[in-house]
Amino acid sequence: SIARFAGAGAGAGGGTAMIRGLPKTWDERDFRKWLDTLVVARSSCKKKKQWPYGFITFGFLEDRLHATKTLEGCMLGGRRVTVHEALNKKPHDKTTGSSNAVHGRTREELIVAAADRGARRDVRDAVCPLWATPYNEQLAKKRAKVEEALRNLTRHTAKNCKRLKKQGAGGTWRWPSWIGESNKRGKLAAPVEGIVRSPVLEGYRNKSEFTIGPDADGVPTVGFNVGLFKEGVTAVASAEKCRHISPVAKKLAAATQAFLREDAANGGLPVWDKRRGTGFWRLLVVREGGMAPETGEWAEWKRDVPAGETPKTEQTTNPATALASPEKTAATVSEESGLPYPLFDPRAEVMVVVQVSPTGYDPAQVRDACSRLAAALAAAAA
């Protein structure tokens, strides 16, 4: 295929392109008709009236390369159509840069390189974008967001009250009492007592839904999508490095992945491919229960940190003993510490669900494959 010949992984998607030079009078229906006339294969497209541009998302890199050659240079109403990379507005996404600044490479090579980078991005940026931010900074940011929401509530309420007063609504109308109180605490609609930090920082997710599909190289993988399907990114990456996924879920996901890769090598049932909408194995769900702390224990973890300040990392309550003992301890630990994951707990129970798409496959082969996967999961859980 074009993708492999150009150096991109088999799991690289087509991404999203911005098309400039379109008539402002066109809406999405007009845009779609024009693309159909030119036989431009795509996953979706978007165009609104008054936009001199539109967006096309491609499932396959081959379709993206073909569309670029087809659309570039077309004339519409005396204007020349140009094709550009659609930039991602997410601040944490570093995969879209100024690729055109690279000299000595053809446009097709730049498109392929961008698609390959997108398929190989760090999965943590997609599922837990603050993974590289120290936890104490996350607490401060959370406090700031809560305070901003409360200030917005005060501003909007005050604005509506002024409008009603000007309209003369109600002869006995009075300002809400809490509006005056908010002025004493920086326009906050209610006092912020603090942020309750999580006592468990590793493996706290008790339900994980793992996508099953090809990775950047087309190899069957159990994990998470590294990007959004609407942006033309379909590659799946392992969740092994994801801090919030529990060891139990990771172990079961790894066992499933090992089974699917071995089975695929022996001509077994394929994993689901979003680009084609075909395949058998689709989703692995791991849900754990019986590990939540008793009611009221969370209060010991409150951090009263003013917005804009960073919690200190010394002289904090020892996370390993805070839940067991209500009184403060003198231990010195980091805010990055947390309670250990409860690997062995008599209350714990685990439910595993595997979603498949059996349409078009031999029922006997389906039963055999599911039985063998169940046996592999049971062996991993033993």
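1. Let me start with the loop between strand 2 (44–46) and strand 3 (53–58), which is where Q50 sits. Strands here are DSSP runs of E with at least two residues, helices are runs of H or I with at least four, and both are numbered from the N terminus. Q50 is not a glycine, yet its phi is positive, about 80°. Its relative accessibility is 57%, so Q50 counts as exposed; the cut-offs are under 20% relative accessible area for buried, over 50% for exposed and partly exposed in between, with a 1.4 Å probe and protein chains only.

2. Before you go further, a word on the model: it is predicted, local features need pLDDT of at least 70, side-chain atom pairs count only at pLDDT 80 or more, and totals for chains, interfaces and linings use all residues. Residues are numbered from 1 along each chain as its sequence is written, and side-chain values use heavy atoms, with hydrogens and water left out.

3. K187 is another non-glycine residue with a positive phi, here about 70°. You will find K187 in the loop between helix 7 (177–183) and strand 7 (195–196). With a relative accessibility of 45%, K187 counts as partly exposed.

4. Next, have a look at P214, which belongs to strand 8. P214 is buried, at 13% relative accessible area. Its contacts (heavy atoms within 4.5 Å) include T234, V236 and W272, leaving aside residues up to four places away in sequence. P214 and T234 are 20 residues apart in sequence, and their C-alpha atoms are 8.2 Å apart.

5. On to the interior. A nonpolar core is a set of buried Ala, Val, Leu, Ile, Met, Phe, Trp, Tyr and Cys residues joined through side-chain atoms within 4.5 Å. The largest one has 37 residues, and F210 and W281 touch the most other members. Elements that each supply at least two of its residues include helix 3 (61–71), strand 8 (207–214), strand 11 (281–289) and helix 9 (363–381). Helix 8 gives the most, with six residues. Apart from this core lies another, of 17 residues, among them I19, C74, L76 and V81.

6. Finally, the chain as a whole. The protein chain has nine helices and 13 strands, and 39% of its 382 residues count as buried. Of the contacts between residues at least 6 apart in sequence, 68% join residues at least 24 apart. The chain exposes about 21500 Å², with carbon and sulfur atoms supplying 55% of that area; accessible areas come from the Shrake-Rupley method with a 1.4 Å probe, and for residues only the protein chains shown count as cover.
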